[in-house]
Amino acid sequence: MGSINTEKLRFCIDRGGTFTDVYAEIPGQPEGRVMKLLSVDPSNYDDAPVEGIRRILEEYTGEKHPQSCKIPTEKIEWIRMGTTVATNALLERKGERIALCVTQGFRDLLQIGNQARPKIFDLTVSKPSNLYEEVVEVEERVELVLDKEEETLSSASVVKGISGELVRIVKPLNEDALKPFLKRLLVKGISCLAVVLIHSYTYPQHEIALEKIALSMGFRHVSLSSALTPMVRAVPRGLTASVDAYLTPVIKQYLSGFISKFDEGMGKLNVLFMQSDGGLAPESRFSGHKAVLSGPAGGVVGYSQTLFRIETDKPLIGFDMGGTSTDVSRYAGGYEQVHETQIAGAIIQAPQLDINTVAAGGGSKLKFQFGAFKVGPESVGAHPGPVCYRKGGELAVTDANLMLGYVIPDYFPSIFGPREDQPLDVEATKDEFKKLAMQINSYRKSQDPSAKDMTIEEISLGFVNVANETMCRPIRQLTEMKGHETSNHALACFGGAGPQHACAIARALGMREVLIHRFCGILSAYGMGMADVVEEAQEPYSDVYCPQSILEAYHRKANLFQQVTQKLREQGFREENIRTESYLNLRYEGTDTAIMVKGQKEDDLMFDYAVEFIKLFQQEYGFKLKNRNILICDVRVCGVGVTNIFKPRALEPATGTPKGEGIFKVYFENGWQDTPLFKLENLGYGHVMPGPAIIMNGNSTVIVEPNCKAIITKYGNIKIEIESTCSTSRVSDNVADVVKLSIFNHRFMGIAEQMGRTLQRTSISTNIKERLDFSCALFDPSGGLVANAPHVPVHLGAMSSTVRWQLNYWGANLHEGDVLVANHPCAGGSHLPDITVVTPVFDNGKLVFFVASRGHHAEIGGITPGSMPPFSKSIWEEGAAIKAFKLVEKGVFQEEGIIKLLQKPSSDDPAHRVPGTRRLQDNLSDLHAQIAANQRGISLIKELIDQYGLETVQAYMIYVQLNAEEAVREMLKSVSAKVSSQISNSIERDVITIEEEDYMDDGSVIHLKLTIDSQKGEALFDFSGTSAEVYGNWNAPEAVTAAAVIYCLRCLVDVDIPLNQGCLAPVKIHIPAGSFLSPSEKAAVVGGNVLTSQRVTDVILTAFQACACSQGCMNNLTFGNDAFGYYETIGGGSGAGPTWDGTSGVQCHMTNTRITDPEIFEQRYPVILHKFGLRENSGGAGLHRGGDGIVREIEFRRPVVVSILSERRVHAPKGLNGGKDGARGANYLITEAKQKLYLGGKNTVHVKNGQILQILTPGGGGWGSSL
């Protein structure tokens, strides 16, 4: 590996979805040979990478190599390739037929996953399909031993796992029972398996034995979760094994076909493939779960190794804009990796480069909708493609760039039309933009008769600006969520379309430097030549970080070092070309947030990983946890075989001025400008091109905007200096500018999202950090909601009530530096665990806006641990209730005051003092996190004000609400037209009246009279006839009903409109005072937020005939004692609709929180999870079936207090239009004597050792008669 043969060719290939890029280094030639081929072109060749090699060999040797003959290898030194074969197979679901082997009781574990639905406003709850066809439940079970007392109970079956944890083998692998199931799979033609057994990360012996049996029976491939990713958490480990089993045979088949095209010398060639982690691997070690980011990883390697410390000292943001999506990454001297990511709906747990993808590219569709410009996320694809491709396509970003002169047909391949010999169709694109202009200008005239018509160029530029803002969002998230300032970076731009947008994006982000590699169009291929071979080894190790555990970790690292270096030696690497890196995966005790901490040297016992962990944790999350143990989770070693052979070639300084190819018209913010065009191959080191300018770099067009300057660097790359950042823009119209409206929608929502990420990063509690039970929002000066990041639906719109209540309460007594806190239902709260922190923001003494964050605190006091008492009858029994308090007053945190409120809740019964919070420090930490989230929102809005001016920002805070109002009005008109034919009790032709009702399990009725005015697009939600306040805790504050209404309206609009106060503007909600939807100030409400909200949602959606009832419950489970507490909500079945079946085992409607992984659940708490699966046939029958509920069986290993708060145990979820009802839920306690006790829907039980709680959650209702 150390020698270089300069007489042979070297090939770097990136086989993409549309094009295959080939870069070849040719002996005696200073410049490499670049070739671009269609990845799929069956009429001309079988395989694009093979064809590229064949053609270049013919050029070099002058000899013909017919496609029918094998390619000679004597002139080839090595081949390196990245491929999208795995990614495409995953996206298109065209992998191998596989089966899943999983521990008995968990057959549906991977289908349920973490219970969350991908898109919270999608009533169809579309989830990616399973990769496996069949499931085999394996008779085996191991349990973790919790302490010495347990160990002595049955020490004969206790062994030490790889992680150091003690494991009890409760049920050995039943091989005899397994074999018939495996045999049946082979008969069905399934010969590949994915295996995930509970706790196999530390005890893999059962998985290994299963693999041995399967291979002996004739299975071709077996993917073991314990071998692929030996880390705790069964769901991501199992999904990774499924991906690997699904893709590896496909990859092996492709690689076998590729290698078969070469002669017998191929076996001696060095052929390597790019992995998702940025390292290369030989064909024998290239597997499915490490191949899905193969192509994009090459681009990251390419820009990082050719630009960082060579062209700039700034950290880099990689910006790779393609046809359908844009990939964003970061490099600051080391590859930033993640160890878990989701691709095409599949979670993969393996080291991979941190590449964020946004659905915006050259093919993103352009639309004008509800008075605003929309770009994507839908794509026109390669076929038919944009309008200019001459295939009858739709307008896309590429068309807009063509209209502006950013794409020049004379310099674009003429490959279009029936004979694929025509240029881009400018006239067709212009005609389509003219049609769109008529629609846009007609709308603008309707809003303002004096509005000047927009030209097609202004419209095109508007769409490009909206597209740019869409792509800026993930860049801000990638940098700022990790504590980095975006403006301190340089933008490293590559990909076909990226250089057209680079200046605008850099300017929008405050960056002053753009770097475009001379091979930007094929940088993913070129990067293959810069990459190293990587071998990794990892094993779990669970212990507290201390001198003894450090020594044990050192010994484990030494063994892993031997493994990886031996693998590299076997591939021909000499010792001097091998370097190693070591890592410990560390986390604070009681949290789930682990960080992979890199060591200094493999033999350095003195390196303190804990110090580095604390530093990294504080950098990323903004705080450190004092007096908290640090735990070791995993030991990882990375061996690198250094092969970086490509070195940048310096150019001689250029003489003379750059020679232009001509002048072209290009449209910028100030109109058309004469713009010189240059070819990069004719430019030399030191040439300077002031903007505006065009630089053609192969097929890539580099747009140098006015007030920018392009410089050709020493290595032939393009460096663009951005000489001015965004200028302040002031409001000039009486109505919203249709372009700015879209941009501000993006910016406002982006701010709310970044507030949420800050809260998640800086919080400490599991509820906020892992279960994501929180929401963040910003408000106008009157308290009107401007943007609410869609975290938890039950919070939607509800915080506006809190902000307005506080505004009315404090009035003129609000000052700069004040932060308010409240959770009382009468002050706009939902239930007491949801604490809202509100920060008013001032500008020169004037109140200009509010930001707020609401988070579910796991403990707030009250009569039961977890603050979710099933039997509370009054608000004071549910914990600390705060109407109005200044958490921070004029910049000073009021710690004493908030501690008093949290520790000593007021009580209506002096004889029974209610316990205060049992987790005060967690409360204080999370309140600090909420303050930090609000502060983040403030700083981002102030940036917006600096850019656009306060007047403009406040104007668009109103305009975005008007935009949402218009969208809801249009939806109401459309819905009324749709249902009018089905409704017979219309008052008059233009007014539709619908009545609907449903019952809580105690018989309380929710009655809705829905009146829709189809002419005005208005609706009245009248809840008159709803039952009176209940002597229980499922009373729901008015804010909860408002949240349910706004959620339903957003689902029905089915368009990505902003979530703000405008959604409720065309809507009136009447709730009779004294009903259980508008209870008295002292009423218990803890169940209203989590139970009644679901029933209100079902009633509204049924009234609209949108879908059948979903499970109608959150199945709230809490358990604990004085030492700990645990809370979860359990999913169920979603309701079927007119064109879809319901989804099984998913969080429905008003919640979308995650559930704890089974292995973490058993590792952290004294429980054994016996069953977690779907409740078969619990969904209602019909033309479309309702989704099935969940079965969850938990055995307790310690005495604890268990509380269940649930609904739909008496009244079943209703079907619609002839569909059958879903099954009712049920809760049981199974005693040691196997006696089954029904607990009802709401209960608190003191559970003993060995007793089992069984929860059966409801199914969803069916739709339509199946007859």
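Which residues does Phe1119 touch, not counting those up to four places away in sequence? Phe1119 touches Phe1124, Gly1125, Tyr1126, Phe1161, Tyr1165, Val1167, Phe1196, Val1200, Val1201 and Val1202, where contact means heavy atoms within 4.5 Å. This is a predicted model, in which local features need pLDDT of at least 70 and side-chain atom pairs count only at pLDDT 80 or more, while totals for chains, interfaces and linings use all residues. Residues are numbered from 1 along each chain as its sequence is written, and side-chain values use heavy atoms, with hydrogens and water left out.

**Nonpolar cores**

- Phe1119 turns up again in the largest nonpolar core, which has 223 residues; Ile79, Ile720, Phe748 and Phe1119 touch the most other members.
- The largest share of this core, 13 residues, is supplied by helix α8 (residues 234-260).
- A second, separate core has 64 residues, including Leu1008, Ala1036, Cys1063 and Val1099.
- A nonpolar core here is a set of buried Ala, Val, Leu, Ile, Met, Phe, Trp, Tyr and Cys residues joined through side-chain atoms within 4.5 Å.
- Buried means under 20% relative accessible area, exposed means over 50%, and partly exposed is in between (1.4 Å probe, protein chains only).
- As general background, nonpolar side chains tend to be buried together in soluble globular proteins.

**Aromatic rings and charges over them**

- The count comes to 34 aromatic pairs, taking rings of Phe, Tyr and Trp (its six-membered ring) whose centres lie within 6.5 Å; planes under 30 degrees apart are stacked, over 60 edge-to-face, and the rest tilted.
- Phe1161 and Tyr1165 make a tilted pair, because their ring centres are 6.3 Å apart and their planes sit at 50 degrees.
- Phe1161 is buried at 0% relative accessibility, and Tyr1165 also counts as buried, at 17%.
- One aromatic cluster is formed by Phe744, Phe748, Tyr948, Tyr956 and Tyr959.

- Helices (H or I, at least four residues) and strands (E, at least two) are DSSP runs, numbered from the N terminus.
- Helix α15 (residues 547-570) has 24 residues and spans 35 Å from first C-alpha to last, close to the expected 34 Å, a figure that comes from 1.5 Å times one less than the number of residues.
- Its buried residues are Ser549, Ala553, Arg556, Lys557, Leu560, Phe561, Val564, Thr565 and Leu568.
- An α-helix has 3.6 residues a turn, so residues three or four places apart point the same way.
- Just after α15 comes Gly572, with a positive phi of about 95 degrees.
- In helix α2 (residues 85-92), the buried residues are Val85, Ala86, Thr87, Ala89 and Leu90.
- Those α2 residues pack against β1 (9-15), β4 (76-83), α8, β17 (341-343) and β18 (346-348).
- After α2 comes Arg93, whose phi is positive, near 55 degrees.

- Val794 lies in the loop between β37 (785-788) and α19 (798-810), yet Val794 counts as buried at 3% relative accessibility.
- Leaving out residues up to four places away in sequence, Val794 touches Ala1043, Asn1089, Ser1093 and Met1150.
- Val794 and Ile718 are 76 residues apart along the chain, with 50 Å between their C-alpha atoms.
- Gly691 and Pro692 are joined by a cis peptide bond, with omega at about 5 degrees; Pro692 is in the loop between β31 (688-690) and β32 (693-697).
- Gln115 isn't a glycine, but has a positive phi of about 80 degrees; Gln115 is in the loop between α3 (109-112) and β6 (134-138) and is buried at 0%.
- Gln1105 also has a positive phi, near 55 degrees; Gln1105 is in the loop between α24 (1086-1103) and β47 (1116-1120) and is partly exposed at 23% relative accessibility.

**Cysteines**

- A search of the whole structure turns up 0 disulfides, meaning pairs of cysteine sulfur atoms within 2.5 Å.
- Cys633 is buried, at 16% relative accessible area, whereas Cys826 is partly exposed, at 29%.
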